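The following report describes a structural model, moving from helix packing to sheets and then to confidence. Please read it alongside the sequence and coordinates.

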Amino acid sequence: MWEQIRSNQIRSVVLTIGMGVLLILIGYFLGLYFFDSAIAGLVIAILVWAVLSLIGYFQGDSILLSMSRAKKINRDDHPRLYNVVEEMKIASGLEKMPDIYIIDDPALNAFATGRDPKRASVAITSGLLQKLNRDELQGVIAHEISHVKNRDVLLMSMCSILLGTIVIIAWYGSRIMIFGSMTGSRRSSSSGGGGQGQIIILIVALVFMILAPIMAQLIYFAISRKREYLADASAALYTRYPEGLASALEKLGASTGQLKSANKATAPMYIVNPFRRKGLKASDLSSTHPPISERIRILRAMAGASFNDYDQAYRHVHQGSTGVIPATSIAAGTVPLATIKPEVGAGEPNEIQRARETSDVMWRLGNYTTITCDCGAKLRVPPSFREPSIRCPHCGRTHQV
Amino acid sequence: MIPVYIIIGVVVVLLIIFLAIYNGLVRRRNQVKNSWAQIDVQLKRRYDLIPNLVETAKGYMKHERETLEAVTKARNLAQQLSSAGAGERAKAEGELSSVLSRLLAVVENYPDLKANQNFLALQEELASTENKISFSRQFYNDSVLRYNNQTQMFPSNVVASMTGFKASEFFEVTLAAEREAPKVSFT
């Protein structure tokens, strides 16, 4: 049923090849211009790309996690988060439990990483962890696990590396060209190519250097947006409860905070675009993510939880006849939605309790010891504290550290 | 000479298709078995959690002796039937789920109990185990559906009947009380 995401994958592969062609063209022009040989340019372009890809494939997830300053947690640190991830692992049929990370940032966001389902990680900001109730958290985690399950992570990181290579080469290439031609020390004139032809190549190469990164970015966005829809559809299918993700997205959309540790290359990894500004409707071409309001409307319009229902809802919202889910993965048969929340969730912590719980986790992850004094004050003892005992500043009792 | 090559070629192609389908069936059947084991793990986890929960709740819930006893009884019955057939077992587990949700609903009336950290942790574990049970059942039923489709659809049904693949049973919950509980799939 949901394994057949192949046709979508083919489309993504075609787009990726498009980006590869861009890279080859850029190498071609560079080579022609600087070395008088297209091959040399191609070799340089492909070499840069290969090195970056290898690093990305083997170390990409750990680089991403350490760049976003994510801290790994285990079951005891945050049992609810761990349980929710495990629930979604079971619902999606993932073979291995993904690692869980928390990013200490009040912005609301989450992402998944890992090159294959056996080596996956889910990261969530502490802000989001505080804001969401259990159902919403489940929706967000389901969305992230879908990215892992659908192998979006590998595709998107390979794409972003391709994009990065194009941007880097074009940036340096065009700078060298501009400044090189200004000082006249561009290259030896002994090759004697003749002024007229040289200038044409210069102009073509320059225009291409400027256009290639933009084109590559547009392709990248197209792939990324498609994947977001598919992950939303999978999340609804796993949880049988699209409302959970919809209301989580509502909270995500209402917040304006930007994630400090995100950058342009890592943006598509997140559940919502970390750079969006409020009041700015993400236009169709220039965003890695579909507009949040639209994603919410699609989720709320779902009559059942299957891919088919998501497709129907998408068509309904867009008033069009083209869906987002490839026909091969739309299976016959209906998948009913879960209706009301069971009483089991009644003892759920409210937002204040969640905020306390999360800040406790963050202190503990920073190796602080927490001592609760009898007067109700909480003492956070830093790891560098060496004294055997500490006095409560509030009531004056002494505590053993 | 050429017709012989053609015949050999056709046979080889057919053999490859046959093996591919056969392997696909085996993979699906293993997935069904695996996901059944997953349900089992979660049900066992629930047996382990309930005595602790009842023990913690006992001190606070003086007026709910009957509910607590019903939970313990349903748990023991379900555990006894855990080696019985799927139908009987599903019924016992469904019964257990419904008395448990009744218990967790009345917890709301006991603020002292709700303030107990130990109880809260147990409640979270139990609530999550309930979810895991229904998610693993959901995944099991989806696996069964995919496997059964393959054993019944052409051309894989030919391979399936030749090599003895039989359709699997769904894990259906028939109890009325359980039907009311959401997040359950009746695939």
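In this predicted model, Phe18(B), Ile21(B), Tyr22(B), Gly24(B) and Leu25(B) of helix 1 of chain B meet Ser156(B), Val159(B), Ala160(B) and Thr163(B) of helix 6 of chain B. By class, the residues of this contact divide into 6 nonpolar and 3 polar, with no charged residue taking part. The axes of helix 1 (residues 2-58) and helix 6 (residues 156-163) of chain B come within 9 Å and cross at roughly 75°, which means that helix 1 of chain B is roughly perpendicular to helix 6 of chain B.

On the side of helix 5 of chain A the contact is made by Asp135(A), Glu136(A), Gln138(A), Gly139(A), Val140(A), Ala142(A) and His143(A), while helix 8 of chain A contributes Gly244(A), Leu245(A), Ser247(A), Ala248(A) and Lys251(A). The contact of helix 5 with helix 8 of chain A has 4 nonpolar, 5 polar and 3 charged residues.

| Helix pair | Axes come within | Crossing angle |
|---|---|---|
| Helix 1 and helix 6 of chain B | 9 Å | roughly 75° |

Chain A as a whole has 11 helices and 8 strands, and buried residues make up 42% of its 401 residues. Among the contacts in chain A with a separation of 6 or more, 65% are accounted for by residues 24 or more positions apart. Leu162(A), which lies in helix 6 (residues 152-183) of chain A, counts as buried because it has 24 C-beta neighbours inside 10 Å. Leaving aside residues up to four places away in sequence, Leu162(A) touches Thr16(A), Met19(A), Gly20(A), Leu23(A) and Trp49(A). Leu162(A) and Ile46(A) are 116 residues apart in sequence, and their C-alpha atoms are 9.9 Å apart in space.

Chain A also contains an open sheet of 4 strands in the order 1-2-4-3, with mixed pairing. Its edge strands are strand 1 (70-73) and strand 3 (110-116) of chain A, each of which pairs on one side only, and neighbouring strands of this sheet are turned by 25° against each other on average, direction ignored. Within the sheet, strand 2 (residues 99-103) and strand 4 (residues 119-125) of chain A run parallel and are joined by 5 bridges, with Thr125(A) in strand 4 of chain A as the bridge partner of Ile103(A). Helix 2 (residues 38-67) of chain A packs on this sheet, touching strand 1, strand 2, strand 3 and strand 4 of chain A, and its direction makes about 160° with that of strand 3 of chain A.

Strand 5 (residues 369-372) and strand 6 (residues 378-381) of chain A, by contrast, run antiparallel and are joined by 4 bridges. Lys378(A) in strand 6 of chain A is the bridge partner of Thr372(A), and in this hairpin, which has 5 residues between the strands, Gly376(A) takes a positive phi near 100°.

The mean pLDDT of chain A is 77, with 79% of its residues at 70 or more. Over residues 188-193 of chain A the pLDDT is below 50, and this stretch has 2 contacts in the model beyond near neighbours in sequence. Over residues 278-285 of chain A the pLDDT is likewise below 50, and there the corresponding number of contacts is 9. Where pLDDT is low, the predicted coordinates should not be read in detail.

Definitions and conventions. Residues are numbered from 1 along each chain as its sequence is written. Chains are lettered from A and ligands numbered from 1 in the order in which they are written. This is a predicted model: local features need pLDDT of at least 70, side-chain atom pairs count only at pLDDT 80 or more; totals for chains, interfaces and linings use all residues. Two residues are in contact if their C-beta atoms, placed from the backbone, lie within 7 Å. Helices (H or I, at least four residues) and strands (E, at least two) are DSSP runs, numbered from the N terminus. Ala, Val, Leu, Ile, Met, Phe, Trp, Tyr, Cys and Pro count as nonpolar, Asp, Glu, Lys and Arg as charged, and the others, Gly among them, as polar. Axes are lines fitted to C-alpha atoms, for helices over the stretch in contact, and angles run from 0 to 180 degrees between N-to-C directions. Angles under 35 degrees count as roughly parallel, over 145 as roughly antiparallel, 65 to 115 as roughly perpendicular and the rest as oblique. pLDDT is the predictor's confidence in each residue, from 0 to 100. A residue is buried if 20 or more other C-beta atoms lie within 10 Å of its own, exposed if 12 or fewer, and partly exposed in between; C-beta atoms are placed from the backbone. Two strands pair if DSSP finds at least two bridges between them.
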